[in-house]
Amino acid sequence: MKAAVVQGAGLAPVYGELEEPQPREGFEVVTVSAAALTHLTKARASGAHYSSAGLFPNVPGVDGVGRTADGRRVYFALPDAKFGAMAEKSLVRSGQCVAIPDGLEDVTAAAIANPGMSVGAALVERAGFKAGETVLVHGATGSAGTVAVQYAKFLGAAKVVATGRNVEELERVKSLGADVVLPITADLDAFEKTLIAEFTSGIDVVIDYLWGESARRILSAAARGVEDGRPVRYVQVGSAAGQESIDLPASALRSSSLVLMGSGLKSVSMEGLLRAIEKVFEAASQGKLQIAAKAVPLAEVETWWNTGDRSRIVFTI
């Protein structure tokens with residue numbers, strides 16, 4: 001079968017041939033129609049992600065859209081380590097498929113699934129978000145961040161605060177539902193001062209896609225801005241800022257009601273991740289969520305693998 005194939009750790013995939021997967025107990029073969037290119041897909045393919053299996057050669061792709069042998073149109077997550085989503089056929093655990101609503105076409109479903117899962121799992125499964133609360137989305141200008149802003153509003157957030165480096169993109173995020181946008185500039189002292197005022201007004205949940213020094217400023221602002229002991233649930237989802245560790249003063253925890261947690265593979269059950277996907281698909285099928293997606297043929301995987309395009313790349317098969 002035709003597939004994107006990764007031959008070794010740190011190598012980009014090439015378009016070529018690989019033997020077809022065969023069904024086995026607990027697994028079924030899905031004929032793939034679309035698979036999105038995500039940070040998680042690239043990290044697992046390179047062997048750098050903590051969940052990577054280190055098995056080569058392999059087909060990359062942590063999720064996708066396709067049809068089962070009995071004709072069901074499904075989204076599938078975390079296929080077999082060798083037979084990922086970026087191929088004509090993938091091998092998937094039978095319990096890791098979600099039906100796709102009729103009003104949601106394949107490319108959009110593939111594009112929105114991963115960012116939707118990340119925010120759904122973070123907000124609902126981890127933070128226990130309730131309608132009427134205020135949410136801060138840190139790193140709101142990427143694909144996941146823009147979906148997070150929209151989904152928080154869909155779930156009933158009273159207020160959404162969005163941060164990001166790109167001022168023009170922040171304005172677009174505002175048009176998608178953000179009530180307040182805070183640019184991350186070189187003057188992080190001013191950034192933190194503005195954040196303190198927001199925390200004093202009341203922020204209940206932080207969804208962090210960046211980490212790094214700007215995240216440390218948010219944690220500091222939360223400790224300084226919340227004076228009545230009300231808890232702030234801080235959910236760490238990604239480290240797009242490129243910094244895996246930060247200095248966190250112990251006093252920031254002792255002097256606040258910060259609740260720190262992570263959200264991702266292994267910190268959320270598979271059942272929880274699939275629940276998140278189902279709810280996001282429901283919202284997307286109602287036209288409540290938007291995502292910029294660009295469909296390209298899988299045969300062009302070598303061209304698009306390291307693209308800087310801001311749209312979500314979806315390979316079609």
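In the predicted model, glutamate 28 is buried, its relative accessible area being 17%. This residue is paired in a salt bridge with arginine 72, and the closest N and O atoms of the two are 3.5 Å apart. Glutamate 28 belongs to strand S3 (residues 27-36) and arginine 72 to the loop between strand S4 (63-67) and strand S5 (73-77), so the bridge ties together parts that are 44 residues apart in sequence. Arginine 72 is partly exposed, at 37% relative accessibility. In total, 18 salt bridges were counted.

A second salt bridge joins glutamate 192 and arginine 224, with the closest N and O atoms 2.8 Å apart. Glutamate 192 is located in helix H5 (residues 188-201) and arginine 224 in helix H6, so that this pair ties together parts that are 32 residues apart in sequence. Glutamate 192 is buried, at 7% relative accessibility, whereas arginine 224 is exposed, with a relative accessible area of 54%.

Within helix H6 (residues 212-225), which holds arginine 217, that residue forms a salt bridge with glutamate 213; here the closest N and O atoms are 3.0 Å apart. Glutamate 213 is partly exposed, at 28% relative accessible area, while arginine 217 is buried, at 12%. Through shared partners, salt bridges connect Asp189, Glu192, Glu213, Arg216, Arg217 and Arg224 in one network. Arginine 217 also touches Leu188, Asp189, Phe191, Glu192 and Leu195, residues up to four places away in sequence not being counted. Methionine 86 is 131 residues from arginine 217 in sequence, and their C-alpha atoms are 39 Å apart in space.

Nonpolar side chains in soluble globular proteins tend to be buried together. The largest nonpolar core in the model comprises 57 residues, and Tyr75, Val135 and Phe281 have the most contacts inside it. Helix H2 (residues 106-126) supplies the largest share of this core, eleven residues. With residues up to four places away in sequence left out, the contacts of tyrosine 75 include Val65, Val98, Ile100, Met117, Ile277 and Phe281. Another core, of 30 residues, lies apart from the largest one and includes Val5, Val6, Val29 and Leu298.

On the surface, Leu248, Leu253 and Leu260 make up a nonpolar patch with about 220 Å² of accessible area together. Leucine 248 lies in the loop between strand S12 (232-236) and helix H7 (250-254), and is partly exposed, at 32% relative accessible area.

Definitions and conventions. Residues are numbered from 1 along each chain as its sequence is written. This is a predicted model: local features need pLDDT of at least 70, side-chain atom pairs count only at pLDDT 80 or more; totals for chains, interfaces and linings use all residues. Side-chain values use heavy atoms; hydrogens and water are left out. Patches are made of residues with over 30% relative accessible area and no salt bridge: like charges are joined within 9 Å, nonpolar side chains (Val, Leu, Ile, Met, Phe, Trp, Tyr) within 5 Å. Accessible areas come from the Shrake-Rupley method with a 1.4 Å probe; for residues, only the protein chains shown count as cover. A salt bridge is a side-chain nitrogen of Lys or Arg within 4 Å of a carboxyl oxygen of Asp or Glu. Helices (H or I, at least four residues) and strands (E, at least two) are DSSP runs, numbered from the N terminus. Buried means under 20% relative accessible area, exposed over 50%, partly exposed in between (1.4 Å probe, protein chains only). A nonpolar core is a set of buried Ala, Val, Leu, Ile, Met, Phe, Trp, Tyr and Cys residues joined through side-chain atoms within 4.5 Å. Contact means heavy atoms within 4.5 Å.
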